[in-house]
Amino acid sequence: MKTYDCIIVGGGIAGLQAAIQLGRYQHKVLVIDSNDGRSTLCRSYHNILGYPIGISGEELRTIGREQASCLGVSFLQDTVIKAEKQNADFILSTVSHVQFLAKRLLLATGIMDTIPPFPALFPCLGISVYVCPDCDGYEVKDRRTVVIGNGNVGANMALTLTYWTKEVLYINHGGDQVDEELEQKMKAKKIPHINKRITTVNAEGEKLKSYVLEGEMEVKAEHSFIAFGKNKVKSDLAAQLGVKLLDNQHIVVDGRTKMTNIENVWAAGDVAAHSEQVTIAMGEGSQAAIWVHKSLLQN
Ligand SMILES: Cc1cc2nc3c(=O)[nH]c(=O)nc-3n(C[C@H](O)[C@H](O)[C@H](O)COP(=O)(O)OP(=O)(O)OC[C@H]3O[C@@H](n4cnc5c(N)ncnc54)[C@H](O)[C@@H]3O)c2cc1C
């Protein structure tokens, strides 16, 4: 079984930034990544220092892998399905039946949004369809915006967006009931609420055009937000190791070191408890890596 000073599970934004930092200490590092994270979905990040016209998740990931590889970090495309403690080390098993031994473990496995499976939506993500108002509310400033979602989650998103635009419409595709109080708030903000399922998404490449609803009604939509809730937090491996989770399944970490309650297990990025943004994932990846290094020095 191959042994590494540190194995990073997850080669998204947090994992790559940690890999670069650990590579610069010249530790023996492996990144195992299944290549299906949020950063594989977003076609343009607009709020990152140095990229005023935006950069896609794929571009950032490619740059990050190249930068870390040049520092001697190894990469494997695979999915870790089991994590076990063996004395002071960790055994990781992948879906392809490979096992590795890690002296230190960093979980950077992220979360996954609930996105309805209309293929036409995916090329639009980050360009004309968004998920996070703190990231992309600015992109819909003074623009007509259609929220698609479920129940109260979608209603709250529609209300939040009125900070940027007066013209918001809510399609409750999921169909869960919206609380009366939120209905009243939407009424006060003149947000129409359509309680119908979407049957077709029309888009030209990255540009969203319209939603067709049951009954053939077509709603023009050039800018849209998705808000269904129930995002999947990928903290299963952490749970296997006895790592403390919040009720919402995010991993609890020490604010200074990013280490979890289990010695030598760290977590960084969206899977940990915080505000789910690229620059925060980078910061946490770096911070975790610095403390992984400090702990390796004590060996
Ligand atoms: C549509 C969209 C638009 C967004 N726009 C913005 C924006 O404009 N600005 C902004 O700051 N943020 C934005 N975000 C959020 C941003 O993408 C995330 O905050 C960021 O990707 C978090 O990085 P991460 O490394 O924690 O997770 P991810 O980037 O999701 O990476 C996690 C990685 O772990 C891998 N993984 C998970 N489990 C396993 C396993 N068991 N074995 C192996 N590998 C595993 C996944 O395959 C993935 O590659 C957006 C997100 C989406 C979906």
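**Layout, core and ligand shell**

Guide: Glu183 lies in helix 6, residues 180-188. Keep in mind that this is a predicted model.

Visitor: Is Glu183 buried, exposed or partly exposed?

Guide: Glu183 is partly exposed, because 15 other C-beta atoms lie within 10 Å. The cut-off for buried is 20 or more, and for exposed 12 or fewer.

Visitor: How far apart are Glu183 and Pro133?

Guide: In sequence, 50 residues. In space, 20 Å from C-alpha to C-alpha.

Visitor: Zooming out, how many helices and strands are in the chain?

Guide: The chain has eight helices and 17 strands. Its radius of gyration is 21 Å, close to the 19 Å from the globule rule for 299 residues, so the chain is as compact as a globular protein of that length.

Visitor: And what does the C-alpha trace span along its principal axes?

Guide: About 65 × 35 × 35 Å. Of the 299 residues, 41% count as buried.

Visitor: What does the domain assignment give?

Guide: Domain 1 covers 2-113 + 231-297, and domain 2 covers 119-227. Their C-alpha centres lie 32 Å apart. Domain 1 puts 11 residues into the contact, and domain 2 puts in 13.

Visitor: Which classes of residue are on the domain 1 side?

Guide: Where domain 1 touches domain 2, there are three nonpolar, five polar and three charged residues.

Visitor: Now the ligand. Where does it lie relative to the domains?

Guide: Between domain 1 and domain 2, because both give residues to the shell around it.

Visitor: Which residues come nearest to the ligand?

Guide: Gly10, Gly12, Gly37, Gly110 and Gly269, out of 41 residues around the ligand. By class, the shell divides into 16 nonpolar, 17 polar and eight charged.

Visitor: Which elements each supply at least two residues of that shell?

Guide: Helix 1, strand 2 (29-33), helix 2 (38-41), helix 4 (133-136) and helix 8 (278-297).

Visitor: Switching to the largest nonpolar core. Which residues touch the most other members?

Guide: Leu106, Leu107 and Val147, in a core of 81 residues. Helix 1, residues 13-24, gives the largest share, seven residues. The core draws at least three residues from each of domain 1 and domain 2.

Visitor: What is Leu107 in contact with, leaving aside neighbours within four places in sequence?

Guide: Val9, Gly10, Leu237, Ala238, Ile251, Val265, Ala267 and Val271. Of these, Gly10 is also one of the residues that come nearest to the ligand.

Visitor: Where does Ala272 lie?

Guide: In the loop between strand 17 (265-267) and helix 8. Ala272 is buried, because 28 other C-beta atoms lie within 10 Å.

Visitor: What does Ala272 touch, not counting residues up to four places away?

Guide: His250, Ile251, Val253, Ala267 and Glu284. Ile251 and Ala267 are also in contact with Leu107.

Visitor: Last one. Where is Phe122 found?

Guide: In the loop between strand 7 (111-112) and strand 8 (129-130). Phe122 has 15 C-beta neighbours inside 10 Å, so it counts as partly exposed.

Visitor: How far apart are Phe122 and His46?

Guide: They are 76 residues apart in sequence. C-alpha to C-alpha, Phe122 and His46 are 17 Å apart in space.

Methods:
Residues numbered from 1 in each chain as written. Predicted model: local features only at pLDDT ≥ 70, side-chain atom pairs only at ≥ 80, totals over all residues. Domains from an automatic or database assignment. Contact = placed C-beta atoms within 7 Å. Nonpolar A, V, L, I, M, F, W, Y, C, P; charged D, E, K, R; others polar. Core = buried A, V, L, I, M, F, W, Y, C linked by C-beta atoms within 7 Å. Helix = DSSP H or I, 4+ residues; strand = E, 2+ residues; numbered from the N terminus. Rg over C-alpha atoms; globule rule 2.2 N^0.38 Å. Near = placed C-beta within 6 Å.
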